Amino acid sequence: MPLVGRRRPLMRAAMVGGAGYAVGKRRAASQQHEYEQDAQLADMQQGAPAAPPAPAAAGPMSEADRVNALKNLKDLLDAGALTQAEFDAQKQKLLNG
């Protein structure tokens, strides 16, 4: 049997397999995204704090304290506990205070 006769069915099978793989990857990514959203909603419903506590007004903060507070704010932003607007407001308080 000539090789040319087998080429089309093999290419078609490769295309179908590739398309199936791509659809499966997209579906898995979408399911993962939905799972993460559900987890965030569950955390919010359990009473997770919306904003970090305000720094104590005992006195002026040292530079090291400000850096640590900014790092903590960034961690909260990355974790999804703060929105970008809340992060910016808290950051301005730290930098101006």
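Predicted model: local features only at pLDDT ≥ 70, side-chain atom pairs only at ≥ 80, totals over all residues.

Analyst: Residues are numbered from 1 along each chain as its sequence is written, and side-chain values use heavy atoms, with hydrogens and water left out.

The chain has 3 helices and 0 strands. Helices (H or I, at least four residues) and strands (E, at least two) are DSSP runs, numbered from the N terminus.

Start with length. Helix 2 has 17 residues, which at 1.5 Å a residue should span 24 Å, and its end C-alpha atoms are 24 Å apart, which agrees. The expected span is 1.5 Å times one less than the number of residues.

Now the sides. Arg66, Ala69, Leu73 and Leu77 are buried in helix 2. Buried means under 20% relative accessible area, exposed over 50%, partly exposed in between (1.4 Å probe, protein chains only). Seen down the axis, the buried residues of helix 2 fall within an arc of 80°, so they line one face. The arc is taken from the directions from the helix axis to the C-beta atoms. Asp78 and Ala79, on the other side, are exposed.

Next, the packing. The buried residues of helix 2 pack against helix 3. Leaving aside neighbours within four places in sequence, Phe87 is in contact (heavy atoms within 4.5 Å) with Leu73, Lys74, Leu77 and Leu82.

Last, the end. Just after helix 2, Gly80 takes a positive phi of about 90°.
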